[in-house]
Amino acid sequence: MGTISSADQANSCLGCGAALGEPFLDLGTTPLANSYIKPELADQPEPRYRLAVAYCGSCHLVQLTDRVPPQHLFSEYLYFSSYSESYLEHASRMASSLIRRLRLNTSSRVVEVASNDGYLLQYFQRRGIPVRGVEPAANIAMHAIRKGIPTYNRFFDSEAARDILATFGPADLLIGNNVLAHVPQINDFLLAVKAVLANTGCAVFEFPHVLELLRHVEFDTIYHEHVFYYSLSAVQILANRAGLEIFDVERQPVHGGSLRVFLQPRPYRPVHPSVEAVLEEERLEGLTGPDRWASFSEQVANLRSDLLELLCGLKRERKRVAAYGAPAKGNTLLNYCQIGTDLIEFTVDRSPYKQNLLLPGSRIPIYAPEALEREMPDYVLILPWNVSREIISQQADYRRRGGKFIVPIPKPRILDSIEDTVAATVCS
Ligand SMILES: [Zn+2]
């Protein structure tokens, strides 16, 4: 159902301008992954956009071939970071580690780009460190401001950088968690980052590592909001172009396996050997050439057949199947696999902002988590598989009454026990 809307089709790389070849993965046309639907609009068609990914042989940047203008994506965004407990724990640890490492104190300045509802800045603020958030989604920025986190409601660009310098001062630390993927004008963005940093300041970006996406077939993390899928090799070329130097990189077990990259505007700190180690690993895994990408499409198609076989088999046995969660990635998974209410009756989500809406495309209804115990489906497909451990431990009653869980990634399978879950989510 729906109409195919035209996005800007790109023939050239957004990083270096070189001509882009054919996409290595084409997921068809899907609605925007965050365009949840009000039930009264269920019979209206949805705009759909092509979802395909290409690799730039010149600068290694992996990117969407069709780009939806950002203003279509961000006006009313329903992802509140604070609804995931494990992500809050990650944020708290991140703040403590950066405060210690960079010796931040009450005269330091911390800026976060895409600061969401203040989930991370709150931990700096509690230690008396001045903070400013930058958040383009109006409803989420308001939420942060009400919680007492000073937040600019805008996109981060050179103009925002000038404003921050004038009203707050140069940043000792600028953080961008899961933001690099969202910014089509990535060169301008990094120049603005450099502009806002103090001479001895540092920028820290966390993003899902495209190496993990390939290894674990995390194709569902591809959706229109994510223009880029980064290797360190690609980030290094972009950073150098903007006059920033990568001086350290750490692996983080969030969003299916992420990198935390440290950049500086001047060679103030020595470059840690981890940078060369990750670059070398990417070269060995084929991330800096076209062949490894070309083989990915078949892995994705196999995952789709396996998942459909599993769900259709349960349907034939007259089992009831629901889902857990309403994350953007779930919408890529369901829409690419063409799974609708014929195979999944409903899903549940803890966020009251998503409850009683329908998932885009698949039109699966979203209820509050209590629906699981009320309805007692035989199986629950976990859509935010990166936090499956957290979800399964929260659903102890459902489990005790015989409910079973399915994880779709990296290979669709039914989990037999909680230990099995731990094994399945080592890289959550
Ligand atoms: Zn390029």
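Reader: How many residues of domain 1 are in contact with domain 2?

Author: 15 residues of domain 1 are in contact with 15 residues of domain 2. Keep in mind that this is a predicted model.

Reader: What classes of residue are on the domain 1 side of that?

Author: The side of domain 1 that touches domain 2 has five nonpolar, six polar and four charged residues.

Reader: And where are the domain bounds?

Author: The domain assignment puts domain 1 at 81-293 and domain 2 at 297-424. Over C-alpha atoms, the centres of domain 1 and domain 2 are separated by 30 Å.

Reader: How do E7 and E8 pair, parallel or antiparallel?

Author: Parallel: E7 (residues 110-113) and E8 (residues 131-134) are joined over four bridges.

Reader: Which way does E19 run against E20, parallel or antiparallel?

Author: E19 (residues 404-407) pairs with E20 in the antiparallel sense, over three bridges. Phe405 has Leu415 in E20 as its bridge partner.

Reader: What's the peptide bond into Pro410 like, cis or trans?

Author: Cis: from Ile409 to Pro410, omega is near 0°. Pro410 is in the loop between E19 and E20.

Reader: Switching to helices. At what angle do H5 and H6 cross?

Author: Roughly 10°, with the axes of H5 (residues 158-167) and H6 coming within 8 Å. At that angle, H5 and H6 are therefore roughly parallel to each other.

Reader: Which residues make the contact?

Author: From H5, Ser158, Ala160, Ala161, Ile164 and Leu165; from H6, Asp188, Leu191, Ala192, Ala195 and Val196. By class, the contact has eight nonpolar, one polar and one charged residues.

Reader: And H6 with H8, what's the geometry there?

Author: The axes of H6 (residues 186-196) and H8 cross at roughly 60° and come within 9 Å. H6 and H8 are therefore oblique to each other. The crossing of H6 past H8 is right-handed.

Reader: Which residues meet there?

Author: Ile186, Asn187 and Leu190 of H6 meet Leu238, Ala239 and Arg241 of H8. That contact has four nonpolar, one polar and one charged residues.

Reader: H8 also packs with H9. At what angle?

Author: About 125°, with the axes of H8 (residues 232-241) and H9 (residues 273-284) 9 Å apart. That makes H8 and H9 oblique to each other as well. On the H8 side the contact is made by Leu232, Ser233 and Gln236, and on the H9 side by Val278, Leu279 and Glu282. These residues divide into three nonpolar, two polar and one charged.

Reader: Back up the chain a bit: what does E4 pair with?

Author: E3 (residues 25-30) and E4 (residues 47-55) pair in the antiparallel sense over four bridges. Thr30 has Tyr49 in E4 as its bridge partner. E4 is also joined to E5 (residues 62-64) by three bridges, running antiparallel. There, Ala54 has Gln63 in E5 as its bridge partner.

Reader: How many residues are between E4 and E5?

Author: Six, and the two strands form a hairpin. In the turn, His60 has a positive phi of about 65°.

Reader: What's phi at Asn178?

Author: Near 55°, a positive value in a residue other than glycine. Asn178 is found in the loop between E10 (171-177) and H6.

How values were computed. Residues are numbered from 1 along each chain as its sequence is written. This is a predicted model: local features need pLDDT of at least 70, side-chain atom pairs count only at pLDDT 80 or more; totals for chains, interfaces and linings use all residues. Two strands pair if DSSP finds at least two bridges between them. Axes are lines fitted to C-alpha atoms, for helices over the stretch in contact, and angles run from 0 to 180 degrees between N-to-C directions. Angles under 35 degrees count as roughly parallel, over 145 as roughly antiparallel, 65 to 115 as roughly perpendicular and the rest as oblique. Two residues are in contact if their C-beta atoms, placed from the backbone, lie within 7 Å. Ala, Val, Leu, Ile, Met, Phe, Trp, Tyr, Cys and Pro count as nonpolar, Asp, Glu, Lys and Arg as charged, and the others, Gly among them, as polar. Domain bounds come from an automatic or database domain assignment. A crossing is left-handed if the near helix is turned anticlockwise from the far one by less than a right angle, and right-handed if clockwise.
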